[in-house]
Amino acid sequence: MNNSLFFVNIDVIKERTKMDYTEKVTAFNKKKREINDSWIKKGVLILDPENTYIDEDVEIGEDSTIYPNVFILKGSKVGKNVTILPNSFLSNASPAASALP
């Protein structure tokens with residue numbers, strides 16, 4: 001039994017999987033940049049846009065500051081002048097400036 005065709009097919013499958021993954025990562029990064037750029041244009045300071053993840057269904061008040069490695073997920077509403085510190089994960093959260101000391 002000749003297994004060479006089997007191994008070629010596995011290699012083709014692996015290559016296609018890598019391409020699919022690369023395409024998805026590229027699309028994700030493009031969308032992330034678009035979202036972050038739109039918030040920057042609206043007056044939000046994002047200190048490290050490459051390492052900040054903001055969902056589409058989010059509200060952020062102007063003059064807010066977002067530190068690196070922050071995730072702001074669907075349904076979150078960040079008030080004006082709010083600072084989100086590094087490594088924060090907000091999901092359906094509503095931090096407001098008045099909540100800070």
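**Close-up views of a predicted model**

**View 1. Strand 1 beside strand 4.** Let's start with a pair of residues facing each other: Leu 45 stands opposite Thr 65 in strand 4. Strands here are DSSP runs of E with at least two residues, helices are DSSP runs of H or I with at least four residues, and both are numbered from the N terminus. Strand 1 pairs with strand 4 in the parallel sense, over 2 bridges; to count as paired, two strands need at least two bridges found by DSSP. They belong to an open sheet of 3 strands in the order 1-4-7, with parallel pairing. Strand 1 (45-46) and strand 7 (83-84) are the edge strands with a single partner strand each, so one side of each has no neighbour in the sheet.

A word on what you are looking at: this is a predicted model, in which local features need pLDDT of at least 70 and side-chain atom pairs count only at pLDDT 80 or more, while totals for chains, interfaces and linings use all residues. Residues are numbered from 1 along each chain as its sequence is written, and side-chain values use heavy atoms, leaving out hydrogens and water.

**View 2. The whole chain, for orientation.** The protein chain has 1 helix and 8 strands, and from the N terminus on its elements run α-β-β-β-β-β-β-β-β. Of its 101 residues, 25% count as buried; buried means under 20% relative accessible area, exposed means over 50%, and partly exposed lies in between (1.4 Å probe, protein chains only). The accessible surface of the chain comes to about 7,200 Å², and 57% of that belongs to carbon and sulfur atoms. These areas come from the Shrake-Rupley method with a 1.4 Å probe, and for residues only the protein chains shown count as cover. Among contacts with a separation of 6 or more, residues 24 or more positions apart account for 1%, where a contact means heavy atoms within 4.5 Å.

View 3. Leu 45, Leu 47, Tyr 67 and Leu 85 make a nonpolar surface patch of about 350 Å². Patches are built from residues with over 30% relative accessible area and no salt bridge; like charges are joined within 9 Å and nonpolar side chains (Val, Leu, Ile, Met, Phe, Trp, Tyr) within 5 Å. Look for Tyr 67 in the loop between strand 4 (65-66) and strand 5 (70-73). With a relative accessibility of 30%, Tyr 67 counts as partly exposed.

**View 4. Strand 5 and its two partners.** In a regular strand the side chains alternate between the two faces of the sheet. In strand 5, Val 70 and Ile 72 form the covered face, while Phe 71 and Leu 73 form the uncovered one. Strand 2 (residues 52-54) runs parallel to strand 5 and is joined to it by 3 bridges, with Thr 52 opposite Val 70. Strand 8 (residues 89-91) also pairs with strand 5 in the parallel sense, over 3 bridges. Here Ile 72 has Leu 90 of strand 8 as its bridge partner.

View 5. The whole structure holds 3 aromatic pairs. Rings of Phe, Tyr and Trp (its six-membered ring) pair if their centres lie within 6.5 Å; planes under 30 degrees apart count as stacked, over 60 as edge-to-face and the rest as tilted. Phe 28 and Tyr 53 are stacked, because their ring centres are 6.2 Å apart and their planes stand at 20 degrees. Phe 28 lies in helix 1 (residues 4-41) and Tyr 53 in strand 2, so this pair ties together parts 25 residues apart in sequence. Tyr 53 also stacks with Phe 71, at 4.7 Å centre to centre and 15 degrees between the planes. That pair links strand 2 to strand 5, so it ties together parts 18 residues apart in sequence. Phe 28 is partly exposed at 47% relative accessibility, and Phe 71 is partly exposed at 29%. Ring pairs link Phe 28, Tyr 53, Phe 71 and Phe 89 into a cluster.

**View 6. Salt bridges around Lys 31.** The structure holds 2 salt bridges, each defined as a side-chain nitrogen of Lys or Arg within 4 Å of a carboxyl oxygen of Asp or Glu. Lys 31 and Glu 34 form one of them, with their closest N and O atoms 4.0 Å apart. These two residues are 3 apart in helix 1, so about one helical turn separates them. Lys 31 and Glu 56 also meet in a salt bridge (2.9 Å, N to O). Glu 56 sits in the loop between strand 2 and strand 3 (59-60) and Lys 31 in helix 1, so the pair ties together parts 25 residues apart in sequence. Glu 56 is exposed, at 58% relative accessible area. Together, Lys 31, Glu 34 and Glu 56 are linked in a network of salt bridges.
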